[in-house]
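Hi everyone, thanks for coming.

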Amino acid sequence: MLGGGTAGWMTAAALVGLIGSACTVELVESAEIGVVGVGEATLPHLRGFLKTLGIIEAEFMAATHATYKLGIEFRDFANVGDRYVHPFGTFGRPFEGVDFHHYWLRRHHSLPASPVGQKPSFPIGEYCLGVMAAEHRRFAHPQGDADDPTTSYGYAYQFDATRFAPFMRAWAQMRGARRTEGIVTTVERNDVGGVAALVLADGRRTEGDLFIDCSGFRSLLLGETMTEPWEDWSQWLPCDRAVAVASASPDGPIEPFTQATAMPAGWRWRIPLRHRVGNGYVYASGFLDDEGARDALLAALDTPPLAEPRLLRFSAGRRRRSWVGNVVAIGLASGFLEPLESTSIHLVQMAITHLIERFPERVVEAIDRDGFNAAVDADYDRIRDFLILHYHATARNDSPFWNHMRTMTIPDSLADRIALWRRSAHVPRYGFGLFLEPSWVAVLLGQNIVPEGWDQRADLPDGAALDRALDTLRRSIHDRVAVMPDHAAYLQRATA
Ligand code: FAD
């Protein structure tokens with residue numbers, strides 16, 4: 001393996017932890033080159049990853065200074081002054097096989113003061129425990145029936161990116177992963193066009209049967225050595241830079257959510273950790289220069305910065321294939337989608353799962369490689385569409401960047417989804433992968449695309465009975481949130 005960032009050590013940990021008898025893991029990394037050092041907000045699936053490896057949540061959270069994350073608060077995306085929470089949970093629960101949002105829409109359209117296109121008097125977030133807990137800065141581990149919307153929701157973590165890979169490294173090394181420190185300067189090829197060995201600056205060689213490229217944006221094995229082409233998505237996702245800086249923790253509550261605030265040439269993240277806050281401005285260099293981004297980020301901080309802002313450059317897209325010959329790229333070496341929905345570490349996790357499911361016994365079989373590539377492509381393509389939605393479905397016309405995003409041509413796959421949603425409130429389900437229906441509902445409504453129609457089966461219940469059921473649900477969620485502990489206090493107890 002090449003690369004000891006989050007992707008490298010997550011992959012190494014999964015290989016030794018789950019299929020350690022089928023392979024020997026050797027990882028080469030260079031402290032001199034270092035890691036990208038960002039990537040602090042995650043998705044709930046990471047909990048499954050850690051649990052499968054037997055990692056105890058409280059230990060992991062203490063080691064990485066983590067906080068709980070109930071979702072992302074989007075500010076100023078649909079329009080300046082607008083906000084909504086995209087939660088890790090469902091809205092209400094299905095009734096007679098019809099998803100909750102259809103009933104909510106029926107009621108929404110029946111309210112005289114809420115014409116199409118305007119926010120209703122009871123936003124759909126009031127029917128989601130995760131949203132309401134986030135609004136009140138509360139958290140407790142979900143308990144009881146996982147399908148009960150009054151007791152259950154998903155959650156993820158926000159952690160110190162510089163502590164996560166070392167945590168996974170220690171875990172993987174204890175279970176047999178070997179680590180070599182040094183800079184790879186030459187990649188030796190085998191006679192069938194694959195990789196035979198990594199050669200370090202001091203002449204040491206690391207041979208292998210399968211090479212996993214976790215070398216970050218450089219993509220040394222897949223991109224540079226195997227010359228796999230880059231598929232560029234900057235026409236839809238033009239943000240190509242970020243300035244990032246940590247700031248002091250403010251007095252007061254710790255938000256159990258990530259904030260994404262739209263800015264004139266992109267958006268700004270705010271991720272509260274136990275010991276500090278992570279901040280960054282993701283922007284399009286075609287619309288803003290680095291100095292302007294840096295100044296805007298510093299001006300927006302609510303507490304003093306703890307260091308000088310760091311500049312990061314990237315572009316949106318992916319390698320056409322992530323597995324070529326005996327080289328499999330995972331993490332930034334495979335592709336990059338900006339962190340608007342905190343999806344990169346999740347893409348790492350998905351690639352690890354796809355690889356382990358198809359791990360070669362002796363030689364690489366084309367069927368495994370092609371299956372892996374198809375699965376990775378689907379993961380990337382779907383997340384790409386979801387990200388574009390946040391930018392494109394906007395009424396903002398206050399800067400050249402937002403005018404461009406609002407009026408650009410979007411992929412057909414996304415245009416079809418939006419059209420179907422507008423007409424009938426249906427969200428086609430994916431066979432696997434992200435994003436699930438509640439996420440699309442949250443962001444489509446959050447971005448003010450309110451459908452004109454809904455599933456006609458939602459018209460069956462008597463109107464007064466529907467009103468009562470919705471009000472009961474809303475009140476139950478409010479009552480539950482009222483007795484939930486404060487997030488900061490809960491964190492203190494849970495990770496002590
Ligand atoms: P890196 O961390 O860059 O690691 C590369 C490794 O390869 C290093 O160990 C390096 O030393 C090694 N290496 C490279 N070349 C050589 C060589 N020649 N010899 C030896 N070693 C070598 N993801 C999220 O999920 N949530 C977020 O909130 C999030 N925010 C982000 C914000 C920004 C601005 C950016 C740019 C990314 C963000 N990400 C986020 C993505 C996340 O940071 C990465 O997906 C994750 O850290 C994995 O990185 P990596 O391990 O692939 O690469």
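Let's start with helix 10, which gives the largest share of the lining of the largest cavity, 3 residues. Before I go on, this is a predicted model: local features need pLDDT of at least 70, side-chain atom pairs count only at pLDDT 80 or more, and totals for chains, interfaces and linings use all residues. Residues are numbered from 1 along each chain as its sequence is written, and side-chain values use heavy atoms, with hydrogens and water left out.

So what's a cavity here? On a 1 Å grid over the protein atoms alone, it's a set of points where a 1.4 Å probe fits but cannot get out, and lining residues have an atom within 4 Å of a point. Points are joined across faces, edges and corners, and volume is the space filled by probe spheres set on them.

Searching the whole structure turns up 2 cavities of 30 Å³ or more, and the largest has a volume of about 50 Å³. Its lining includes Ala-329, Leu-347 and Tyr-380. Helix 9 (344-357) and helix 10 (366-392) are the elements that give two or more residues to that lining. Helices are DSSP runs of H or I, at least four residues, and strands are E runs of at least two, numbered from the N terminus.

Strand 18 pairs with strand 19 (residues 327-329) in the antiparallel sense, over 2 bridges, and Val-324 sits opposite Val-327 in strand 19.

Key: On a 1 Å grid over the protein atoms alone, a cavity is a set of points where a 1.4 Å probe fits but cannot get out, and a pocket is an open set with protein on both sides within 12 Å along at least five of seven lines; lining residues have an atom within 4 Å of a point. Two strands pair if DSSP finds at least two bridges between them.
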